[in-house]
Amino acid sequence: MAIRDIHILGSPVLRHRAEEIETVDDEVRALVEDLFDTMAAASGVGLAANQIGVARRVAVINAEGQTFAMINPRIVEADGRDSTEEGCLSIPDAFAEVARPQRIVLEALNEDGEPIRMDATALVARAVQHELDHLDGVLFIDHLSPLKRQLLVSRWKKDHRNEPLTRTPRLEEPEETA
Ligand SMILES: [Zn+2]
């Protein structure tokens with residue numbers, strides 16, 4: 001169990017399509033633990049393995065009181081449409097409205113290798129879709145119009161130039177965790 005450094009825009013692993021997990025073994029469970037620890041340290045609502053430098057299809061969610069791991073996740077149903085401001089631990093300080101299906105049905109394996117099927121809406125549905133994108137090498141900025149994306153990325157690069165491609169999650173001050 002460890003808090004891992006988070007990879008930042010520009011790190012190639014964020015653009016890799018993560019590999020399927022063949023067997024949910026202790027190594028995969030250790031990866032799940034690291035993802036949970038790192039997500040908590042960064043106060044995130046979700047984190048994908050690519051974001052800690054591991055291109056394998058594993059991600060975790062902690063949104064609206066629902067905390068779970070998803071291994072080889074798939075979205076098998078999606079409907080509705082919802083546009084909400086979104087951000088990403090791998091693109092710090094950047095936010096933009098992203099339209100996504102409002103409701104999804106997710107199928108995955110849990111950390112015991114058992115199949116799970118889950119109906120998710122609102123923030124949980126959004127977080128799941130955001131993490132699945134990461135496993136395909138897709139970032140939320142890829143959902144923006146070319147012009148918006150270009151503006152956001154050029155501004156971001158200006159603000160974050162000369163920064164390393166990984167960063168240690170900032171631990172929240174206790175008074176901020178209300
Ligand atoms: Zn992200």
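The model is predicted: local features require pLDDT of at least 70, side-chain atom pairs count only at pLDDT 80 or more, and totals for chains, interfaces and linings use all residues. Residues are numbered from 1 along each chain as its sequence is written.

**The sheet**

Begin with the open sheet of 5 strands, whose order is β2-β3-β4-β7-β8 with antiparallel pairing. Its edge strands, each pairing on one side only, are β2 and β8 (115-121). On average, neighbouring strands here are turned by 40 degrees against each other, direction ignored. Helices (H or I, at least four residues) and strands (E, at least two) are DSSP runs numbered from the N terminus; two strands pair if DSSP finds at least two bridges between them. Axes are lines fitted to C-alpha atoms, for helices over the stretch in contact, and angles run from 0 to 180 degrees between N-to-C directions.

Select residues 46-48 and 58-63, strands β2 and β3, which pair in the antiparallel sense over 3 bridges. Alanine 48 has alanine 59 of β3 as its bridge partner. Alanine 59 has methionine 70 as its bridge partner in β4.

Now select β7 (residues 103-109), which pairs with β8 in the antiparallel sense over 7 bridges. Within this pair, arginine 103 stands opposite threonine 121 of β8.

**The two helices**

Select helix α1 (residues 26-41), which packs on the sheet and touches β2, β3 and β4; its direction makes about 35 degrees with that of β3. Helix α2 (residues 122-135) also packs on the sheet, touching β2, β3, β4, β7 and β8, and its direction makes about 160 degrees with that of β3. Contact requires that the C-beta atoms of two residues, placed from the backbone, lie within 7 Å.

Stay on α2 and colour it by burial: 12 of its 14 residues are buried. A residue is buried if 20 or more other C-beta atoms lie within 10 Å of its own, exposed if 12 or fewer, and partly exposed in between, with C-beta atoms placed from the backbone. Among the buried residues of α2 are Val124, Arg126, His130, Asp133 and Leu135.

**The nonpolar core**

Which residues touch the most other members of the largest nonpolar core? Of its 39 residues, they are Val32, Leu35, Ala49, Val58, Ala59, Val60 and Val128. Two or more residues of this core come from each of α1, β2, β3, β4, β7 and α2. Such a core is a set of buried Ala, Val, Leu, Ile, Met, Phe, Trp, Tyr and Cys residues joined through C-beta atoms within 7 Å.

Centre the view on valine 128, which touches Ile61, Ile104, Leu106 and Ala120, leaving aside residues up to four places away in sequence.

**Positive phi**

Most residues other than glycine have a negative phi. Select serine 43 in the loop between α1 and β2; this non-glycine residue has a positive phi of about 55 degrees. Serine 43 counts as partly exposed because it has 14 C-beta neighbours inside 10 Å.

Then select glutamate 64, in the hairpin of β3 and β4, which has 2 residues between the strands; its phi is positive, near 50 degrees. Glutamate 64 has 13 C-beta neighbours inside 10 Å and therefore counts as partly exposed.
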